[in-house]
Amino acid sequence: MSPLMQRTLEAKNERRKRLMALPYPEKVRIVERMRAAAREIQTAEESTLVLREDPPSADKH
């Protein structure tokens, strides 16, 4: 395993440990912030005027 991958996995493991140690109400606050962010992204995506081409039809010969 490369040193970068090893450091990445160690950091991920440490973050998991820190999150597991949080009290339940703090975990709920984090999830609520994530939901709010997801709603903002979805709203921005829906309100953005983007011209998209229809994908090619499989029926065309």
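How accessible is Glu14, and does that make Glu14 buried, partly exposed or exposed? Glu14 has 41% relative accessibility, so Glu14 counts as partly exposed. Keep in mind that this is a predicted model.

## Overall picture

Two helices and zero strands make up the secondary structure of the protein. The chain has 61 residues, and 2% of them count as buried.

## Helix α1

Helix α1 covers residues 3–21 and includes Leu9. Together with Met1 and Met5, Leu9 makes a nonpolar surface patch of about 330 Å². Leu9 itself is partly exposed, at a relative accessible area of 38%.

Back to Glu14: the side chain of Glu14 meets that of Lys17 in a salt bridge, at 3.9 Å from N to O. Both residues sit in helix α1, three residues apart, which is about one turn of the helix. Lys17 is partly exposed too, with 44% relative accessibility.

## Helix α2

Over the whole structure, the search finds three salt bridges. One of them links Glu26 and Arg29, whose closest N and O atoms are 3.0 Å apart. Arg29 is partly exposed, at 46% relative accessible area.

Glu32 and Arg35 also form a salt bridge, with 3.0 Å between the closest N and O atoms. Here again helix α2 holds both residues, three residues apart. Glu32 is partly exposed at 38% relative accessibility, and Arg35 is partly exposed at 48% relative accessible area.

Definitions and conventions: Residues numbered from 1 in each chain as written. Predicted model: local features only at pLDDT ≥ 70, side-chain atom pairs only at ≥ 80, totals over all residues. Heavy atoms only, no water. Helix = DSSP H or I, 4+ residues; strand = E, 2+ residues; numbered from the N terminus. Buried < 20%, exposed > 50% of the residue type's maximum accessible area, 1.4 Å probe, protein only. Patch = residues over 30% accessible without salt bridge, like charges linked within 9 Å, V, L, I, M, F, W, Y side chains within 5 Å. Areas by Shrake-Rupley, 256 points an atom, 1.4 Å probe, with all protein chains shown as cover. Salt bridge = Lys/Arg side-chain N within 4 Å of Asp/Glu carboxyl O.
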